[in-house]
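The sequence and the structure are shown first, and the description follows.

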Amino acid sequence: MIGRAGGRAAVQWRDTAQRYGAVSRFLHWTMATLFAWQFAGMAIKEIVGRTPLTRFWVGSHASIGIVLLALVVVRLGWALAQRRRRRPPYRAGAAGLAARAGHFALYALMLAVPLLALMRAIGQARPIAVFGITLRGPREGGEGRGVRGRGGCSRATQVPAAGGR
């Protein structure tokens, strides 16, 4: 908080070289909490198996993943907008290089994992629903797996059989 406005502490929305602003901190802790939810749900499912609790927890996985993907995009946009105000540059040497590489890897994973999951969902026959809203109903091929043709190949990659079928 910087300064006072009408006797109350003013909220520091933007980042400074000394401190991240309220928006950056909100995005950070919201995403950290949602990632913890995602990881804990999958860990509990692996340890306990399928129970009503894990069905609830895992049932929210896709919806929370979509929220995380949206938050990552917002966070990247905010970080780019704040890049001139943000903390001092990374240190010189190996420690600075490791910090830069670590941040790059985290952002790359935060984008890649939900995008790959979304592409996987689009390629499957199961319906796609987010927060209980069906975005796409089941497709031909059923049984919740990808749409498959002869020999287990997806229809997009099938080679026509000899004889012109």
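A residue is called buried if its relative accessible area is under 20%, exposed if it is over 50%, and partly exposed in between, with a 1.4 Å probe and protein chains only. The structure is a predicted model, in which local features need pLDDT of at least 70 and side-chain atom pairs count only at pLDDT 80 or more, while totals for chains, interfaces and linings use all residues. Residues are numbered from 1 along each chain as its sequence is written, and side-chain values use heavy atoms, with hydrogens and water left out.

## Overall architecture

Helices (H or I, at least four residues) and strands (E, at least two) are DSSP runs, numbered from the N terminus. The chain contains four helices and four strands, which follow the order β-β-α-α-α-α-β-β from the N terminus on. Of its 165 residues, 20% count as buried. Accessible areas come from the Shrake-Rupley method with a 1.4 Å probe, and for residues only the protein chains shown count as cover. The chain exposes about 11,800 Å², and carbon and sulfur atoms supply 67% of that area. A contact means heavy atoms within 4.5 Å. Among contacts between residues at least 6 apart in sequence, 39% join residues at least 24 apart.

## Aromatic pairs

Rings of Phe, Tyr and Trp (its six-membered ring) pair if their centres lie within 6.5 Å; planes under 30 degrees apart count as stacked, over 60 as edge-to-face and the rest as tilted. By this rule the chain has three aromatic pairs. The pair of Phe35 and Phe39 is stacked, because the ring centres are 6.4 Å apart and the planes meet at 25 degrees. Both residues lie in helix 1 (residues 22–48), four residues apart, which is about one turn of the helix. Phe35 is partly exposed at 22% relative accessibility, whereas Phe39 is exposed at 61%.

Trp37 and Phe56 form an edge-to-face pair, with 6.1 Å from centre to centre and 85 degrees between the planes. Trp37 belongs to helix 1 and Phe56 to helix 2 (residues 52–59), so this pair ties together parts that are 19 residues apart in sequence. Trp37 is partly exposed, with a relative accessible area of 29%, and Phe56 is exposed, with 54%. Ring pairs also bring in Trp57, which forms a cluster with Trp37 and Phe56.

With a relative accessible area of 8%, Gln38 is buried. Leaving aside residues up to four places away in sequence, Gln38 touches Ser60, His61, Ile64, Gly65 and Leu68.

Gly59 is found in helix 2 and is exposed, at 56% relative accessibility. The C-alpha atoms of Gly59 and Phe131 are 9.3 Å apart, although the two residues are 72 residues apart along the chain.

## Pockets

On a 1 Å grid over the protein atoms alone, a pocket is an open set of points where a 1.4 Å probe fits, with protein on both sides within 12 Å along at least five of seven lines; lining residues have an atom within 4 Å of a point. Grid points are joined across faces, edges and corners, and a volume is the space filled by probe spheres set on the points. For the linings, Ala, Val, Leu, Ile, Met, Phe, Trp, Tyr, Cys and Pro count as nonpolar, Asp, Glu, Lys and Arg as charged, and the others, Gly among them, as polar.

| Pocket | Volume | Lining by class |
|---|---|---|
| Largest pocket | about 1,200 Å³ | 19 nonpolar, five polar and six charged residues |
| Second largest pocket | about 870 Å³ | 16 nonpolar, three polar and six charged residues |

Of the 30 residues that line the largest pocket, Val58, His61, Ala62, Ala117 and Arg120 are the closest to its centre. Helix 1, helix 2, helix 3 (61–82), helix 4 (94–123) and strand 3 (128–130) each give two or more residues to this lining. Helix 4 gives the most, with nine residues.

The second largest pocket is lined by 25 residues, and Ala79, Arg86, Tyr90, His103 and Tyr107 lie nearest its centre. Helix 1, helix 3 and helix 4 each supply at least two residues of that lining. Here helix 1 gives the most, with seven residues.
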